[in-house]
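Take a walk through this fold with the model open beside you.

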Amino acid sequence: MSKPLFASPEIKKAFEDYNKPERIRLNKIACWCVFFAMPAGFSLDVNIYPKEVHYFLMLRFVSSILSLILFGLFYTKWGAKNDRLLSFILPLIPQVFITWMIFASEGADSPYYAGLCLVLLAFTLLLPWNFMETLTLSLATVFMYSVACIAHGDFQWAGIFFSNVYFLTATAFFTAFGSYFTNQLRIREFTTRYELDQSRKQLEESNRKLLELDQMKSRFFANISHELRTPLTLLIAPLEALAREKEQLMDEEMKDSLNTMRDNAMRLLKLINDLLDLVKLESGRMVVSKESIEANSFLKGLLQLVQGAAKDKKVQLVTFIAEGIGTVSMDRDKMEKIILNLLFNAIKFTPAGGQVKLSAGEEGEWLVFKVSDTGMGISDKNLPFIFDRFWQADSSAQRKYQGTGIGLALVKELAEVQGGTVVAESQLNVGTVMTVKIPLEKTVEPSVPAPVLTAPGEGGSAAAESPEWLTRLYRRAELFPAMTPVAATLRP
């Protein structure tokens, strides 16, 4: 069995719908070709049949007028519906009038049979015909030529008639099979484009659904994070009040239990706040609020706040701030999150006796912060992924280091939202250097100081659940990374 031209009826219908306007357009062009080409043959009549020149000119004009009428029919609803029929009638107009001139002149001895070959070739090349259409026209042309020669009289099979029929038949054969292979190629090309277009539409639909799911995920994260944060703050408030007001009445074990509860609640609050920050960054709702900050005191204050975690791990903290930085314009809250995340991350992965260094300086138009450590380092295969959301080098349930894979992703996105960058360099068993660059904007005087971060355990004096208390609480949560103190790991 021969392979079908179309893979499915759907593709066949689509091909017909696509081919119809192009076929009508090309038939209109063919009408104009007949309209101008037939009268142009007047020069042949003058030189070959001067006695018949007026009669042949009339025939040529009639064929031109008929082609013009056919041209007009293509603009009607009937013509658009029956374009295949009109497409077949069109080449018959010059063929009929050429065979008429052959009959009226010399019959088989007329050289006008070449015009029949020319029409066959021209229409096969110009119009998107299939094999059967081309074959039917070719057979009709050979038949009309034979009838014209026989009707002329003095007919002999052998000689010039056989030669002309041979060339007409050969032309018909080549045009028919040429049309067959051209049509096959056209169908294959359309089928490939159609299938690609369908695949593209399916991919676009899948992409649209994925975007919707991603938006739903973001909304879910935002909603659930807000819902979790409210009761969590209502838990932290009485815990801090109890620890502050009843401190003299509690024994050490109860104090320790309250501190553990508060510390873990604050760690959970930091995680929720980080998730909300990611959602804001993703939705484009993160606003950069710059203020004038004295860089030296700002960085030393942050370093002081992580001293407790460093002492707990027996890690040495070092700072180097280049002279001349002075007062700069930056977003205090975002830079606190960036630097604290990097410092806590460095302390977490640096063994006892190691060193973590915070340095700041200027490089052209950039303000550069570097956090380096002498920790375990990151392998080359893992280094490209450390800023991906929720990525962890060790994702097993028995992993040594706690974490959610949010911290470094948040650092990167908070730096980029300020127009900056973050780059990591690392060697296994040597250490890691995190470099953050933000645009350098010098200012004259520092802004009114923002509420400073207080060390763990200092709840502040503002009324619980007031806007000021909540702001301070969220800022203090940055001091509770996913890192268990050494003392806590030694408890029974």
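**From a hairpin to the whole fold**

Strand 6 and strand 7 pair in the antiparallel sense, over 7 bridges. Two strands count as paired if DSSP finds at least two bridges between them. Helices (H or I, at least four residues) and strands (E, at least two) are DSSP runs, numbered from the N terminus. This is a predicted model, in which local features need pLDDT of at least 70 and side-chain atom pairs count only at pLDDT 80 or more, while totals for chains, interfaces and linings use all residues. Residues are numbered from 1 along each chain as its sequence is written, and side-chain values use heavy atoms, with hydrogens and water left out.

Val423 has Thr435 in strand 7 as its bridge partner. Now follow the side chains along strand 6. They alternate. Val422, Ala424 and Ser426 point to one face and are buried. Buried means under 20% relative accessible area, exposed means over 50%, and partly exposed lies in between (1.4 Å probe, protein chains only).

The turn comes next. The hairpin of strand 6 and strand 7 has 3 residues between the strands. Asn429 sits in that loop, between strand 6 (421–427) and strand 7 (431–439). Its phi is near 65°, a positive value in a residue other than glycine. Most residues other than glycine have a negative phi. Is Asn429 buried or exposed? Asn429 is exposed, with a relative accessible area of 69%.

Contact means heavy atoms within 4.5 Å.

Strand 2 and strand 4 pair in the parallel sense over 6 bridges. Phe320 has Ser359 in strand 4 as its bridge partner. Strand 4 and strand 5 run antiparallel, joined by 8 bridges. Leu358 stands opposite Val371 in strand 5. The hairpin of strand 4 and strand 5 has 2 residues between the strands, and there Gly364 takes a positive phi near 65°.

Lys314 lies in the loop between helix 11 (307–313) and strand 2 (316–321). Its phi is near 60°, positive in a residue other than glycine. Lys314 is exposed, with a relative accessible area of 62%.

Helix 13 (residues 407–417) comes next. Which of its residues are buried? They are Leu408, Ala409, Leu410, Val411, Glu413, Leu414 and Ala415. These buried residues pack against helix 9 (252–283), helix 12 (332–348), strand 6 and strand 7. Just after helix 13, Gly419 takes a positive phi of about 85°.

Move to helix 7 (residues 131–152), which holds Glu133. At 16% relative accessibility, Glu133 counts as buried. Neighbours within four places in sequence aside, Glu133 is in contact with Arg84 and Phe88.

Now the cysteines. How many disulfides does a search of the whole structure find? The search finds 0. A disulfide is a pair of cysteine sulfur atoms within 2.5 Å. For Cys31, the closest cysteine sulfur is in Cys33, 9.1 Å away, so the two are too far apart for a bond. Cys31 counts as buried at 1% relative accessibility. Cys149 is buried too, with a relative accessible area of 2%.

Finish with the whole protein. It has 15 helices and 7 strands. Of its 492 residues, 42% count as buried. Among contacts between residues at least 6 apart in sequence, 76% join residues at least 24 apart. The accessible surface comes to about 27,200 Å², of which 62% belongs to carbon and sulfur atoms. Accessible areas come from the Shrake-Rupley method with a 1.4 Å probe; for residues, only the protein chains shown count as cover.
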